[in-house]
Amino acid sequence: MKPFDYIRADSTTHATRAAGQGANFIAGGTNLLDLMKLEVMAPHKLVDINRLDLHQITEVDGGLRIGALVSNSDLAADMTVRKQYPVLSEALLAGASGQLRNKATTGGNLLQRTRCYYFYDTAMPCNKREPGTGCQAMEGATRLHAILGTSDACIASHPSDMAVAMRLLDAVVEIESAGGAVRSVPLSEFYRLPGQTPHIETVLEPSDLIIAVTLPAPAKGAQTYRKVRDRASYAFAMVSVAARVQMDEGTITDAALAFGGIGSQPWRNPAVEKALIGQKPSPELFAKAADILLADAKPQKDNAFKVPLTRRTLIATLKELCGKDAA
Amino acid sequence: MNAHLKMDKPDDRNRLDDMAQGLLGTAMDRPEGPLKVTGTATYAHEAHQPGMLHGVLVRATIARGTLDGVEAAAVEKMPGVRKVMWGDKFLRNPAQGTANKAPVQGSSEIYYIGQPVALVVADSFEAARHGAQSLELRMTAGTAVPDAKADGVAVERPEKKQSSMGDLKAAMQDAAFTVDQRYTTPGHNSAPMEPHSAIAWWDGDQLTLHASNQMLKYNVNEVADSLGIDPENVHLLAPYVGGGFGSKLGISPDAVAAALAAKELGVPVSVMLTRQQVFENVMRRSETAQDFQLAADKDGVLRGIGHTARVSQLPDESFAEPVTQATPFLYKGENRETHMEIVRVNQTCAGSVRAPGEAVGLTALEIAMDELAVATGIDPVELRKRNIPDRSPGEDKPFSSHKLAEALDDGAAIFGWADRKKGATDGEWLIGYGMSSAARVNMIGESHARVTLNPDGTLLIETDMTDIGTGTYAILTQIAGEMLGVPQDRIETRLGDSKLPKSAGSGGSWGASSAGSSVYMACEKLRQTIAAKLNCDEGDLTLKDGTATFANKQTPLTDLVGDAPMVVEGAIEPGKTQKDFRQATFGSFFCEVGVNSVTGEVRLRRMHGSFAAGRILNAKTARSQCLGGMTFGIGMALTEELIQDTRDGHLVNHDLAEYHIPVNADVPQLSVNFIAERDPYANPMQAKGIGELGICGAGAAIINAIYDATGVRVRDLPATMDKILPGLPDV
């Protein structure tokens, strides 16, 4: 771990002013500290935001405003979340372990880094860790890697469960910049595709601080989060599906689908949802949805199974949510 | 006084059954348990010394080549850094179990990515690690063999590891039923909770090492040979070891690096491996490719077994995963071919990991046996019973004791094997049932212990034996307490100090039998001494709760000891009963799995093991050993896999996030039952090793259950979802 300066922020203004190029905010630190020990990340300064007043969950305009420092455990256990946004609670509880969820925060979870083996090993080339050095994962060990939204510079997957559910729920990220201006960015516009700059993962500027995540009023329909993984707990998703489907008299009137474990970011494809809405559920319809989702999939040797796995998991999830009408 | 036994003939007196204390065999709590659960037991890295510095090893980042120099000056200028070291004495890899001498040494030749080639010493661990991460190595790349499975890789077939009997080819041709398949298992890491670490300090030419080791008698010589010093000058301390699983049988690079640095800098130095270094520097279990040929007659009785196993290893290391170890004795068959093949690769050194040999070899055999059961239509339990031999067929030796049939019947009854339902489902989950046999070779090693009966009636047991979490403190206490009629609270057991009488150490499931027998021998001599004072035969003496009873007369032990303590050194060594008889432990596994019909995820639902391992010394620690073994079996079957990048041989998943040992949620209710057994050929306690039996074949029961559930036969472990998906019906 490289020596670094440590500043404990007492206000968001203080925090954003203290931050900047080469600095990192630290909240739970569950990912950042590991990365710093390995020197995958080596900030010269840490701005500790844990004392900031960002721990509340409040109901706003029929929706929910979640402070950036609300822990994953608290968010998963919140009664409103459990009742109105059960997919979020399920996703949170599917991630990490109890100890990690106690420390991990809402804002931090959105920013967790990939679990690509090569990103974690500083002896290996990695465009995400050291821009321009190349991607050693390509043609290498790729079980964990993405099949959607990748580029020839990076095939890393986004590891979060929470962010997949947030993506489904049309969450909006509240960001405070240096100087105090606050802007709202929908999660759909928050992450950037890797392209040739996989080291730039979000639209955040160096001093930007996530202060809250807001959820719109709960949409109608049944929700579920299904995570497929190599062991029963404490493993990242091979694929996960966050889904919401509303049925009316045998017809799908609304649908939303987001995916983890397969995308370079929490993945959502509006064309898949559009294909479902207004249709009667059938095996053919579900197969068509899977076809649309996976049309552009670019698997590697080790993760080619994610194509059939995603297809099957999506179809089973849709069957479950559409009920027995699904045939 | 001394008492020495060479185990040349069976001891079927079963003397321990005659004792009165009632301590042995009970589920006595570990005497050191409170220290461990309160965090006050001093593990290797915790014996901090005044003025101690911290060292962190630096890894080579090429698979083969030379280290031409290191940019030491830049790092030595960093805050807190004291010294950068490298050189001829650095260990390339750990010593193999019972090596008793230094492994390959030297920084200048690089053999694998992760080889520890230099050490950075600093005031703090953090500064040392930062220095280690910053150190630039000047390396020249050579030609590496990174992939054991590459086409055209050179294969060694050592003459001693090939054997033939009869005519297997003809047996296969004449067989009513055959199995002819290849099974593969990936590399495994021992993954002990406590990373390998050592604190070294010198007093003149006397070296003291507080380390994490399994076998001090050998480790002292390995340290001395590595440093070029007299073994008399090495004092090793390992009172508590946080898991070994084979990885601490021999010394690891941290110990020698710490000793070198402490000498150079004149202060105590601590070197602890990081989790990633534990994976890269310490032993891996080799991956295996195993070709099995089974030839059976119309009744399912084996007439021939062929087993050819290919493993990999670094150059200049003689250890080869003994994959075929159980094949010669487990089942019938007069026509046999057993062959080992070794490929030299530039990867982390291969060595002993959790039951070397049977863990992977028996697992493959037991999957093959399930395939034979399917082919013949014979119940897999019945098939195995039909194939239990009277003598070890591949070795032409009698068995010392053989309880496989009993273990199969017992396990089947407890599990409810006969009541299993074919084709059961639970929602999306396809339910299946599987079973396998368990077997593990049994042995002892020469072992010494000193037992002191003090004038106040307390007992002191001393040996350099280690407790690697297995329960040694408990069982030695129990053996002595039982033999001498002394309650637990009046017994102290001291372990893990190389100045104490030399034991066999912990490993190969031989620790309890070996160290325990040496304590037994000392206690038997003490009983004879006490009997002589009472003018009676030792056999007529009853010792209980500190009192000697003979002919209805009770005498406190304290009255018999006198003013000076009574001290006996007991010793055991293997003899003819080990050479002339096939000694082994046996057992059976039964399990129920669920396979998700959508995703191919496999979750174990319940599992039972019945085991025969001679006399059980502590019901709780023995059961825990078996639970641990079965948990390893879950990992082997479903998740554990070292992933090497085939382009450079480097270990990709070198931490516990990505190397998937089972977590609690993967381990359902497991049950264990022991079969009553006394094996007089094993040792005077009639006890056998229990440490490894629980993993030997366990994974096969799960793989066989997956087949039962889905019809998918996984022959390439672990059975991850990608291997099962193609065989599942459409959703």
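Colleague: How many cavities of 30 Å³ or more does the count come to?

Modeller: A cavity is, on a 1 Å grid over the protein atoms alone, a set of points where a 1.4 Å probe fits but cannot get out, and its volume is the space filled by probe spheres set on the points, with grid points joined across faces, edges and corners. By this rule the count comes to 8 cavities of 30 Å³ or more. The largest cavity holds about 150 Å³ of space, and it is lined by 18 residues, where a lining residue has an atom within 4 Å of a point. Those nearest the centre of the largest cavity are A:K128, A:H158, A:R192, A:E201 and A:S264.

This is a predicted model, in which local features need pLDDT of at least 70 and side-chain atom pairs count only at pLDDT 80 or more, while totals for chains, interfaces and linings use all residues. Residues are numbered from 1 along each chain as its sequence is written, chains are lettered from A and ligands numbered from 1 in the order in which they are written, and side-chain values use heavy atoms, with hydrogens and water left out.

Colleague: Which residues lie closest to the centre of the second largest pocket?

Modeller: A pocket is an open set of points with protein on both sides within 12 Å along at least five of seven lines. About 1,000 Å³ of space lies in the second largest pocket, and of the 40 residues that line this pocket, the closest to its centre are A:K301, A:D302, B:E641, B:I643 and B:Q644. The elements giving two or more residues to the lining are β10 (177-185) and α18 (721-724) of chain B; such names refer to DSSP runs, numbered from the N terminus, with helices (H or I) of at least four residues and strands (E) of at least two.

Colleague: How many disulfides are there over all chains?

Modeller: A disulfide is a covalent bond between the sulfur atoms of two cysteines, and here a pair of cysteine sulfur atoms must lie within 2.5 Å to count as one. The count comes to 0 disulfides over all chains. A:C116 is in no disulfide, since the nearest cysteine sulfur, that of A:C126, is 5.8 Å away. The sulfur of A:C135 is likewise too far for a bond, because the closest cysteine sulfur, in A:C154, is 5.9 Å from it.

Colleague: Is A:C116 buried or exposed?

Modeller: Buried means under 20% relative accessible area, exposed means over 50%, and partly exposed lies in between, using a 1.4 Å probe and protein chains only. A:C116 counts as buried because its relative accessibility is 6%, whereas A:C135, with a relative accessible area of 22%, is partly exposed.

Colleague: How many residues of α17(B) are buried?

Modeller: In α17(B), 12 of the 13 residues are buried, so this helix is largely enclosed by the rest of the structure. Among the buried residues are B:G699, B:A700, B:N704 and B:D708. Helix α17 covers residues 698-710 of chain B and reaches 19 Å from its first C-alpha to its last, close to the 18 Å expected at 1.5 Å a residue, where the expected span is 1.5 Å times one less than the number of residues.

Colleague: What does B:T363 touch, leaving aside its neighbours within four places in sequence?

Modeller: Contact means heavy atoms within 4.5 Å, and the residues in contact with B:T363 include B:G699, B:A700 and B:L717. B:T363 itself lies in helix α9 (residues 358-376) of chain B and counts as buried because its relative accessibility is 1%.

Colleague: Which residue is joined to B:P718 by a cis peptide bond, and where is B:P718 found?

Modeller: Most residues other than glycine have a negative phi, and most peptide bonds are trans. A cis peptide bond joins B:L717 and B:P718, with omega about -5°, and B:P718 is found in the loop between α17 and α18 of chain B.

Colleague: Where does A:D61 lie?

Modeller: A:D61 lies in the loop between β4 (57-60) and β5 (63-67) of chain A, and has a positive phi of about 50° although it is not a glycine. A:D61 is exposed, because its relative accessible area is 76%. B:D316 also has a positive phi, of about 65°, although it is not a glycine; B:D316 lies in the loop between β18 (302-313) and α8 (327-330) of chain B and counts as exposed at 57% relative accessibility.
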